[in-house]
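Please keep the sequence and the model at hand while reading.

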Amino acid sequence: MPPLTTPQTAAHPIDWAPSLEDRSRPVYIAIADAIAADIGAGRLRPGDRLPPQRILADRLGIDFTTVSRAYGEARHRGLVDARVGQGTFVRKTGHVPPPFAAEPHTTVATVPLAVSMAMNQPPQPEDSTALAARMNRGVAAATAALGLPDLLRYPDGADSPDDREAAVHWLRHRLPGLTAERVLVAPGTQAALLALLSALARPGDTVCAEALTYPGFRAAAAQLGLRVIGVPMDADGIDPDALRAALAEHRPKALYCIPTFHNPTTATMPEERRRAVAAAARDNGVPIIEDDIYGPLPETAPPPLAAFAPELTYHVAGLAKCVSPALRIAYVAAPDARQARRVAVAQRATTLIAAPLSAAIARLWIADGTAEAVRDAIRAEAMARRALAETLLPAERIVTKREAFHLWLTLPDGWTGGEFTAPLRSRGISAVAAEAFATTPDVPAALRFCLGAPLDRDETRRALEILADALVLPPATAGVII
C-alpha cells in the first residue's frame, strides 16, 4: 500500500491506491477494507478526497463498476461521504469499523445486501476489463466516424442502408434470406412494440398474448387502448389448441409471443410447437409479433416463428439482452418491404427514429465481431450464475434454461407472489411477482428473478442464499425475516 508522502487538500484527489494481491475476497470488498485499514493507520485522513472512480479503475486495471461498488460499500460502512459534483471524501467524524477478515463466505454475508433482481438485464461477465475496453474502442471509432453534419442534422431517411445491412448480418443465422428493405431500425424493443401495435390495431381492438407475458407489452397495449386476451400455456409455451380457440372467438388484430426464453417463465417452444402456432395464425389470418430478444442467447435454438409464417410475422430482435441495454436498438424484420414502410410511419408518429449514434455503434460492433463477443460473454456468465441457482435452490421450485439469466420460481403452498416479495425486500432483494405478467385471472404463485442484476457471482450467491432461506419458512413467519 503506497503511503501518502505529502499532505494534499480536499480540492484535489490524493495519490492513493489499494493493494489487490489478496484475491480471497471480492475486489470491491478488498478496496473497501483497504480504505478502512488506511484510515485506521493514518494514511487516509479526514477530508481527504479519494481518486475519481474511473481513474482508480484505470490505475488498478479493473472495471469502473467494481470501483463504484467499492466506494458504495465504504459509504455504507460510514467511512466516506460522496458529494455530488465534487467526489468521494474520507469522513471527518465517526467511528471507523475494522476491515473484514479474509475468509469470504463468513465475512461477506455480514454486509447488508441491496440488489434489485426485478429488472431483467444481462449479467456483467467476470474479468470484463478487456471486453469493456473493446466496446469502448468501438464507441470511440463510431463517434469519430461521424462528421459535424451527422452530429448536427437529422438523417435524411428513417434508417440508413448501412444500419439495415447490419441488421441483416446480425440476423443471418436466425433469418437467412432476410433483405434490407424488410428491416426497420427501432429505438429499442419497447418502441418497436408500440410502433407495431399502432400499425396493426386501433383503440378498442383485441390482441392476444400468452397467459403470462412481458409487462412492457401490456403497458403498450393499455396506452393504445387495446384489449389483451391471454392464451393458456404449458411447459413448452403457448398452447396451440387454446390459441386456435382464442383466435376464432376473439378475432384479434395480432398475436404477441416470446417463443425463446419466454419472459417470465423461460419456456422455449420446440420446433413442432412453433409450426403449430404458425399454422394457427395462418389459418386465422392473424399477424404475429415475435419478440425474439432472447433468441441469440441459446447456443442451439429452434428456428424462429418467422421461419414458419414469414408472410405474417414481424420479428423483433432487440439488442438489450444479448449485447447492451444502453444502445436502445432493436431490428424489426417485417413480412415484406411494404409492411416495413407501414411500421416506419407508425414509428415516426411515436418515437421518430432510432438514435443515429446508437445505431452507428451497433453497426460497428456487429461488423467487427464485438457484438458476438459480448453475447458470448453474457451467455457464459448466465450459465455460471444459473449453475449457482441450481446448486442453492430446490430443483422442484425453479424453472430456467441453460443460457438464460432469469429464472421462474414457484412458491410453496400458502404463499402468493405478492406476499413473498415482502420478506425478500426486508433482506434487500426485490423481484417481480407473477401478477405483473398475468393476462388472465388464473395467476400462479411464482416470481421472476433476474440473475443478471447482481454485480458479480459473489453477490448472486448471497442473494440466492437469502432466497433459499426464505423458501423454507411458512407464510406465518414472514414478519420475522428482517
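## Helix α14 and its partners

The axes of helix α14 (residues 370-392) and helix α16 (residues 457-471) come within 10 Å of each other and cross at roughly 30°, where axes are lines fitted to C-alpha atoms, for helices over the stretch in contact, and angles run from 0 to 180 degrees between N-to-C directions. That angle makes α14 roughly parallel to α16, since angles under 35 degrees count as roughly parallel, over 145 as roughly antiparallel, 65 to 115 as roughly perpendicular and the rest as oblique. The contact is made by Glu 381, Ala 384, Arg 385, Leu 388, Ala 389 and Leu 392 on the α14 side and by Arg 457, Thr 460, Arg 461, Leu 464, Glu 465 and Ala 468 on the α16 side, contact meaning heavy atoms within 4.5 Å. The crossing of α14 past α16 is right-handed; a crossing is left-handed if the near helix is turned anticlockwise from the far one by less than a right angle, and right-handed if clockwise.

The model is predicted, so local features need pLDDT of at least 70 and side-chain atom pairs count only at pLDDT 80 or more, while totals for chains, interfaces and linings use all residues. Residues are numbered from 1 along each chain as its sequence is written, and side-chain values use heavy atoms, with hydrogens and water left out. Helices (H or I, at least four residues) and strands (E, at least two) are DSSP runs, numbered from the N terminus.

A further partner of α14 is helix α5 (residues 129-145), and the axes of α5 and α14 come within 10 Å and cross at roughly 150°. This makes α5 roughly antiparallel to α14. Leu 131, Arg 134 and Met 135 of α5 meet Thr 370, Ala 373, Val 374 and Ala 377 of α14 in this contact, and α5 passes α14 in a left-handed crossing.

Among the buried residues of α16 are Asp 458, Thr 460, Leu 464, Ile 466 and Leu 471. At the start of α16, a side-chain oxygen of Asp 456 reaches to within 3.2 Å of the backbone nitrogen of Asp 458.

Leu 467 belongs to α16 and is buried, with a relative accessible area of 1%. Leaving out residues up to four places away in sequence, Leu 467 touches Leu 393, Leu 409, Phe 420, Leu 424 and Phe 449. Leu 467 and Leu 393 are 74 residues apart in sequence, yet 7.9 Å apart in space from C-alpha to C-alpha.

α8 is mostly covered, with 10 of its 12 residues buried, including Thr 189, Leu 193, Leu 197, Ser 198 and Leu 200.

In helix α1 (residues 27-41), Asp 33 is buried, with a relative accessible area of 3%. Asp 33 and Glu 73 are 40 residues apart in sequence and 9.3 Å apart in space, C-alpha to C-alpha.

## Loop residues

The loop between β9 (255-257) and α11 (271-284) holds Pro 264, which is joined to Asn 263 by a cis peptide bond with omega of about 25°. Phe 261 is found in the loop between β9 and α11 and has a positive phi of about 50° although it is not a glycine; at 3% relative accessibility, Phe 261 counts as buried. Thr 266 also lies in the loop between β9 and α11, has a positive phi of about 65° although it is not a glycine, and counts as buried at 0% relative accessibility.

Ser 324 lies in the loop between β11 (313-318) and β12 (330-333) and counts as buried at 10% relative accessibility. The side chain of Ser 324 reaches the backbone nitrogen of Ala 326 at 3.1 Å. Leaving aside its neighbours within four places in sequence, Ser 324 is in contact with Leu 319 and Trp 365.

How values were computed: Buried means under 20% relative accessible area, exposed over 50%, partly exposed in between (1.4 Å probe, protein chains only). A polar contact is a pair of N or O atoms within 3.5 Å; within protein, one must be able to donate a hydrogen and the other to accept it, and residues adjacent in sequence count only if both atoms are side-chain atoms.
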